[in-house]
Amino acid sequence: MATYDVIVVGLGGMGSAAAAHLAARGQQVLGLERFGPAHDRGSSHGGSRITRQSYFEDPAYVPLLLRAYELWDQLADDSGADVITLTGGVFLGRPDSLTVAGSLRAAREWGLPHELLDAGEIRRRFPTLTPAEDEVGLYETAAGFVRPEVTVAAHLALAGQRGAELHYDEPVTGWSATAGGGVRVRTAAGEYTAGQLVVCPGAWAPELLADLDVPFTVERQVMYWFQPSGGVGPYAPDRHPIYIHEDAEGTQVYGFPAIDGPDGGAKVAFFRHGSPCSPDTIDREVHPAEVAFMAEHLAAVLPTLPGRYLTAATCMYTTTPDQHFVIAQHPRHPAVTVACGFSGHGFKFVPVVGEILADLATTGTTKHPIALFDPRRPALEATP
Ligand SMILES: Cc1cc2nc3c(=O)[nH]c(=O)nc-3n(C[C@H](O)[C@H](O)[C@H](O)COP(=O)(O)OP(=O)(O)OC[C@H]3O[C@@H](n4cnc5c(N)ncnc54)[C@H](O)[C@@H]3O)c2cc1C
């Protein structure tokens, strides 16, 4: 039976980064992936993901983001791939909305450069955005977008160059801790053993990490691309920021400049408000009523965006009850490290999660602040 230092299960956003970081530390790595490299069946596809630093979800994420930004640059250097582009970002809503008040809190707590803009100033600087008179926006230059498929492919290529063995189309059917303190992993093709296991299963967490007892909800999400009326000119990435807008009901919509040329349109999506699904039951078709609902929602804040509907794609969030991640050594198995429940906002952290997982698998600890991601936190206790 083949034996490794570390087996990484799931080579999506997080697992590919873990494999690259572990291999860089000289570990003998086996990576096992259910599908092919950088596929579109999990949570790491769709061409773009927002990155930002003034983090409304919790200021505790900011130090991780500062390190992630260093690692994004390093990944770009090491791989030569275009993984991150900073366009600036504006986070809009009423002053007391989570999007505005939470972003401001994080920016102030960490001394992050930002500007607070009133509705008139937002309309003047970014004419595509039409906030209501009582709305404001926090603008930061450190925001932009990262490229999920390019990032996964870059980490996989680096992992391979550094000696990792990567097996595709080989789903893991089970794993167990062994009496000797290591792990055994079963796939349709065979069995492997290792000193450590890193599990990054994305939307398959309820299946592969059932014994974590975390009540994950897998949600179907839709990304939409529209050709703006009047063309993509005003949406060009050198003049248009990424944006998140929260309305009076708390609905958040977010989007990107036109990053795929004149015919590629601009992408927009709702944050959360998905429908529960599983990787086996997800409806991959996007229905006309959904497109109409999005276009109607945009009329208030980005009226020129829904000029002509181009296309849409589905994707899955794996959400925890408090919407914070799960990153830790498995509470019952010290040889197993888990990274899951990224709750729809994990991609910007991919390189730093790779570093943390490599720390935990090789030393059992990390200098990064991950207490918020403990699977035993009270907010994750399953309700009876
Ligand atoms: C529509 C959408 C928009 C998003 N927008 C943003 C954003 O703007 N900014 C942001 O930061 N984040 C965003 N996110 C969240 C981010 O994309 C995810 O948090 C991140 O991609 C999760 O990565 P992952 O590695 O956990 O999952 P995945 O990339 O899905 O990787 C999991 C992998 O495990 C594999 N796997 C599962 N089970 C097995 C098995 N038994 N054997 C072998 N392999 C297995 C899967 O095939 C998959 O490749 C968004 C997500 C979605 C869906």
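**A guided tour of helices and cores**

Begin by selecting glycine 111, which lies just after helix 3 and adopts a positive phi of about 60°. The model is a predicted one, in which local features need pLDDT of at least 70, side-chain atom pairs count only at pLDDT 80 or more, and totals for chains, interfaces and linings use all residues. Residues are numbered from 1 along each chain as its sequence is written, and side-chain values use heavy atoms, with hydrogens and water left out.

**Helix 3**

Next, select residues 98-109, which form helix 3. Helices here are DSSP runs of H or I with at least four residues, strands are runs of E with at least two, and both are numbered from the N terminus. Thr99, Val100, Gly102, Ser103, Leu104, Ala106 and Ala107 of helix 3 are buried; buried means under 20% relative accessible area, exposed over 50%, and partly exposed in between (1.4 Å probe, protein chains only). Among the elements covering these buried residues are helix 2, strand 5 (89-93) and strand 7 (136-140).

**Helix 2 against helix 8**

Now display helix 2 (residues 62-79) with helix 8; they pack at an angle of about 100°, their axes 7 Å apart. Axes are lines fitted to C-alpha atoms, for helices over the stretch in contact, and angles run from 0 to 180 degrees between N-to-C directions. The two helices are therefore roughly perpendicular to each other, a term for angles of 65 to 115 degrees. Leu64, Arg67, Ala68, Leu71 and Trp72 in helix 2 meet Pro351, Val352, Glu355 and Ile356 in helix 8, where contact means heavy atoms within 4.5 Å.

**The nonpolar cores**

A nonpolar core is a set of buried Ala, Val, Leu, Ile, Met, Phe, Trp, Tyr and Cys residues joined through side-chain atoms within 4.5 Å. In the largest one, of 66 residues, select Val198, Ile327 and Phe349, which touch the most other members. Helix 8 (residues 350-363) supplies the largest share of this core, 8 residues. Centre on isoleucine 327: leaving aside residues up to four places away in sequence, its contacts include Val338, Phe342, Leu360 and Phe373. Apart from this core lies another, of 26 residues, including Tyr139, Tyr224, Tyr243 and Leu305.

**Helix 7**

Finally, select Val291, Met294, His297, Leu298 and Val301, the buried residues of helix 7. Viewed down the helix axis, they fall within an arc of 130°, so they line one face; the arc is that of the directions from the axis to the C-beta atoms. These buried residues pack against strands including strand 13 (217-227) and strand 18 (308-319). The face turned away from the buried side carries the exposed residues Pro288, Ala289, Phe293, Glu296 and Ala300.

Definitions and conventions: Parallel < 35°, antiparallel > 145°, perpendicular 65-115°, else oblique. Expected span 1.5 Å × (residues − 1).
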